[in-house]
Amino acid sequence: MAKIYSEKKLVETSMKPKKETISFLLNYSKALSFLKVGKMKIETIAN
Amino acid sequence: MATVQTPDALLVKNYVAGDEGALATLINRHESKIYGFIYSKIADRDVSDDIFQDTFIKVIKTLKSNSYNEEGKFLPWVMRIAHNLIIDHFRKNKKMPMYRETEEFSIFSVMTDNSMTIENRMISEQVENDLKRLIEELPNDQKEVLVMRIYQDLSFKEISELTGVSINTALGRMRYALMNLRKVIDKHQIILTN
């Protein structure tokens, strides 16, 4: 049988990050806000 | 009926305006492309997850602080952030991407060990010992010049100063030393190669 010389595919089809990662990002986004003080932007995280 | 997909630019606009669901849609739409891109370079699921997370933390911060300007498209912009973080990761770890051993690719086909094998080291030591013994047989004046030149790495000017002879004499002694060594090596058929 003919040998395939190409390297094995490293990436599986449709790889996705962990659910926890997505959940963390969505929660982080909800908690993050920026306060504008004059010309400065202050980052705040709501607990 | 085909469903109409909300364009990325509109989702970004909605998110900046406070619609948190828009971010979930954007992540859901592009997660496999971005994660796949990161994993193709990193080849480690946990590290890829970390980089994916850091990428979106940057995205969130930039969008929330109103620093994003819609010059390019959303996905290429996120990919660029991911790409920069991948470079940072390799810089921090000071290592190249990991290669996996597969049927078609062996890591030893690109790696070589330049250090001598034990056998070669033994041969080399033997050759050096033989040579030292041969040098011992040379007349003293020739031996002195040869040792100073080869083992002590002195110049002929320095040798002439130290031995109190002219540079030409030192050169001549060196020449005779080498000729005599060659003669002995030829006569006894000594092999001095590794």
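Across the interface of chain A and chain B, 9 residue pairs are in polar contact, both residues being at pLDDT 80 or more; a polar contact is a pair of N or O atoms within 3.5 Å, where within protein one must be able to donate a hydrogen and the other to accept it, and residues adjacent in sequence count only if both atoms are side-chain atoms. On the side of chain A that touches chain B, the elements giving two or more residues are helix H1 (19-31), strand E1 (32-37) and strand E2 (40-45) of chain A, with helices (H or I, at least four residues) and strands (E, at least two) taken as DSSP runs numbered from the N terminus. The largest share of that side, 8 residues, comes from H1(A).

This is a predicted model, in which local features need pLDDT of at least 70 and side-chain atom pairs count only at pLDDT 80 or more, whereas totals for chains, interfaces and linings use all residues. Residues are numbered from 1 along each chain as its sequence is written, chains are lettered from A in the order in which they are written, and side-chain values use heavy atoms, with hydrogens and water left out.

The side of chain A that touches chain B divides by class as follows.

| Class | Residues of chain A |
|---|---|
| Nonpolar | 13 residues |
| Polar | 4 residues |

In contact (heavy atoms within 4.5 Å) are 23 residues of chain A and 28 residues of chain B. The count of salt bridges between the two chains is 3, a salt bridge being a side-chain nitrogen of Lys or Arg within 4 Å of a carboxyl oxygen of Asp or Glu; B:Glu31 and A:Lys16 meet in a salt bridge at 3.8 Å, N to O.

Definitions and conventions
Nonpolar A, V, L, I, M, F, W, Y, C, P; charged D, E, K, R; others polar.
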